[in-house]
Amino acid sequence: MSALELSFTRRFSMGHRLIAGSSERCAVPHGHNEFVTVTLQACTPARLDGKCNMVVPFAEAKTRWHDFIDTRLDHAFQISSSDPLLAWFIENERPGLTDLS
Ligand SMILES: [Zn+2]
């Protein structure tokens, strides 16, 4: 990791049902605890000038990363676009509960 990179690791919980290409156990809806690490790197790195030792403020980067995990991944349910259960979720999930697109 260079001085112009930030890495964050976050644990989250998720469920899934994998109907093809996986073990038979994953064809039954179930959950996992996962860890994901992201390394952020500036698209256009600028020279550090001594007044600031970060490409972006640490708190801002950490907050945005944690918000992404909390709102998009944690307690999400993964399902294949070819899974017949998808139609049921589209028909029965409360509007705004999840993004089915
Ligand atoms: Zn699984």
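**The sheet and what lies next to it**

A: Among contacts in the chain between residues at least 6 apart in sequence, 64% join residues at least 24 apart. Two residues are in contact if their C-beta atoms, placed from the backbone, lie within 7 Å. The model is predicted: local features need pLDDT of at least 70, side-chain atom pairs count only at pLDDT 80 or more, and totals for chains, interfaces and linings use all residues. Residue numbers start from 1 along each chain, as its sequence is written.

First, the parts list. The chain has two helices and three strands. Along the sequence the pattern reads β-β-α-β-α. Helices (H or I, at least four residues) and strands (E, at least two) are DSSP runs, numbered from the N terminus.

Now the sheet itself. Three strands form an open sheet, in the order β2-β1-β3, with mixed pairing. β2 and β3 are the edge strands, each with a single partner, so one side of each has no neighbour in the sheet. From one strand to the next, the twist averages 45 degrees. Axes are lines fitted to C-alpha atoms, for helices over the stretch in contact, and angles run from 0 to 180 degrees between N-to-C directions.

Next, the pairing. Two strands pair if DSSP finds at least two bridges between them. β1 (residues 5–17) and β2 (residues 30–41) run antiparallel, joined by twelve bridges. Leu6 has Leu40 as its bridge partner in β2. Gly15 has Gly31 as its bridge partner in β2. Gly15 also stands opposite Phe77 in β3. β3 (residues 76–79) runs parallel to β1, with four bridges between them. In a regular strand, side chains alternate between the two faces of the sheet.

Then the helix across the strands. α1 lies across β1, β2 and β3, at about 10 degrees to β1. Helix α1 (residues 58–73) has 16 residues and reaches 22 Å from its first C-alpha to its last, close to the 22 Å expected at 1.5 Å a residue. The expected span is 1.5 Å times one less than the number of residues.

How covered is all this? A residue is buried if 20 or more other C-beta atoms lie within 10 Å of its own, exposed if 12 or fewer, and partly exposed in between; C-beta atoms are placed from the backbone. Buried residues make up 0% of the 101 residues in the chain. α1 is hardly covered, and its count of buried residues is zero.

His75 is in the loop between α1 and β3. His75 has a positive phi of about 65 degrees, although it is not a glycine. Most residues other than glycine have a negative phi. His75 counts as exposed because it has 11 C-beta neighbours inside 10 Å.

Leu85 is in helix α2 (residues 85–92). Leaving aside neighbours within four places in sequence, Leu85 is in contact with Arg17 and Ile79. Leu85 and Arg17 are 68 residues apart along the chain, and their C-alpha atoms are separated by 9.5 Å. With 13 other C-beta atoms within 10 Å, Leu85 is partly exposed.
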